[in-house]
Amino acid sequence: MSETKEMLHSGELYCCDDDNLMNEQLLCLEKLYDFNATRPLEQEKRSQLLKEMFAEIGEGCYIEPPFHANWGGRHVHFGKNVYANFNLTLVDDTHIYVGDCTMLAPNVTVATAGHPILPSLREKVFQFNMPVHIGRNCWIGAGALILPGVTIGDNTVIGAGSVVTKDIPANVVAVGNPCRVVREISEHDKEFYYGERRIPEKLLSE
């Protein structure tokens, strides 16, 4: 493993125009291209490609093309039954972890890569990467943006269009730019699913 490749996961600054790194990345993007070129009825082929593309992917996961990822999922770890809608973008220059049963709405972006504020370093294409952790059974709303180094706790809901710049705890609803906790998941949520629309009793007893 090259020194530059080791630095992908170190959090340290590195120069991202390393030829060997870019060549390896292109091979990952070839498989991503194949995934996005599949037809709707080719579900088995999609599943097989995801197993080849991802670092880890559990049973029952589904990603709706088009799917975008810097490394084609090479550094992505999905649990079981993760669902991602159209236009999921994973800037997976380092590791992204998503727990079981989490749902990602359309146009969600999860970014691990950052660039220094100092202009002279950006001219030399330096960057750094920080891992992202999304817990179990989360719902990430449409158009949400999750920034490098963020952890989101289990069962949490991130509102549509939110920009998540800091860690969000488990069992809360958080929204906004920057994303902030607005409330905990409560007893009210055990009775109502939307406004004053009640959850049917038969669903609560299952």
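Start by selecting Glu64, which sits in the loop between strands β3 (62-63) and β4 (67-69). Helices (H or I, at least four residues) and strands (E, at least two) are DSSP runs, numbered from the N terminus. You are looking at a predicted model, in which local features need pLDDT of at least 70 and side-chain atom pairs count only at pLDDT 80 or more, while totals for chains, interfaces and linings use all residues. Residues are numbered from 1 along each chain as its sequence is written, and side-chain values use heavy atoms, with hydrogens and water left out.

Is Glu64 buried or exposed? Glu64 counts as buried because its relative accessibility is 17%; buried means under 20% relative accessible area, exposed over 50%, and partly exposed in between (1.4 Å probe, protein chains only). Now show what touches Glu64: leaving aside neighbours within four places in sequence, the contacts (heavy atoms within 4.5 Å) are Arg46, Ala84, Asn85, Phe86 and Asn87. Phe86 is 22 residues from Glu64 in sequence, yet their C-alpha atoms are 5.1 Å apart.

Next, go to Asp93, in the loop between β7 (88-91) and β8 (96-98). Asp93 is buried but has no salt bridge. A salt bridge is a side-chain nitrogen of Lys or Arg within 4 Å of a carboxyl oxygen of Asp or Glu. Which side chain of opposite charge is nearest to Asp93? That is Arg74, 11 Å away; here Lys and Arg count as positive and Asp and Glu as negative, with His and the chain ends not counted. Among the residues that Asp93 touches, beyond four places in sequence, are Tyr14, Trp71, His75 and Asn129.

Side chains of opposite charge can pair when their charged atoms come close.

- Glu24 lies in helix α2 (residues 19-36) and Arg74 in the loop between β4 and β5 (76-78), so the pair ties together parts 50 residues apart in sequence.
- Select Glu52 and Lys31, whose side chains meet in a salt bridge of 3.4 Å, N to O. Glu52 lies in helix α3 (residues 43-53) and Lys31 in helix α2, so this pair links parts 21 residues apart in sequence.
- Finish at Asp189 and Arg183, a salt bridge with its closest N and O atoms 2.8 Å apart. Asp189 is partly exposed, with a relative accessible area of 24%.
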